[in-house]
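Student: Can we go through this one together? I'd like to start with the contacts of a single side chain.

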Amino acid sequence: MAGVGPMTQDWEPVVIRKKTPNAAAKRDEKTVNAARRSGADIESVRKYNAGTNKAASSSTSLNTKRLDDDTENLAHERVPTELKKAIMHARGEKKLTQSQLAQLINEKPQVIQEYESGKAIPNQQILSKLERALGAKLRGKK
């Protein structure tokens, strides 16, 4: 060893401590029960509206009255009756089932069923695919 002086060892004890518990750790059930057993003072405070979302839902906002006063009927546009009948008629002339037509235009059979029942929201891309597959004009003037 290339030391300059005599080597000594440090025999003083090393103390390793856990860090002091934070506020959340002081409130956990185990700590509270230990404090009760030892007879320490325990303060319990119930917070107003704790654990509920009443403050967010019960307060009326400025838009609530405006929404209540609004009488406009908001609904999605549906497939018109003429279009439903035109699709069914053209499909019948080609002797195709709904699933076969759906396969021709690369859509799900449910899409064709929705269009023929009038529940679908009209989509121009799907209508143009249907026109091409059926060879019939479905939109605009006949």
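Student: Leaving aside neighbours within four places in sequence, what is I87 in contact with?
Tutor: I87 is in contact with Y115, E116, L130, L134 and L138, where contact means heavy atoms within 4.5 Å. This is a predicted model, where local features need pLDDT of at least 70, side-chain atom pairs count only at pLDDT 80 or more, and totals for chains, interfaces and linings use all residues. Residues are numbered from 1 along each chain as its sequence is written, and side-chain values use heavy atoms, without hydrogens and water.

Student: Which residues of helix 5 meet helix 7?
Tutor: K84, I87, M88 and R91 do, and they meet Y115, E116 and S117.

Student: At what angle do the axes of helix 5 and helix 7 cross?
Tutor: They cross at roughly 125 degrees and come within 7 Å. Axes are lines fitted to C-alpha atoms over the stretch in contact, and angles run from 0 to 180 degrees between N-to-C directions. The two helices are therefore oblique to each other.

Student: Changing topic: how many residues of helix 2 are buried?
Tutor: One of its 10 residues, 29–38, so helix 2 is hardly covered. Buried means under 20% relative accessible area, with a 1.4 Å probe and protein chains only. Helices are DSSP runs (H or I, at least four residues), numbered from the N terminus.

Student: What comes just after helix 2?
Tutor: G39, with a positive phi of about 90 degrees.

Key. Parallel < 35°, antiparallel > 145°, perpendicular 65-115°, else oblique. Buried < 20%, exposed > 50% of the residue type's maximum accessible area, 1.4 Å probe, protein only.
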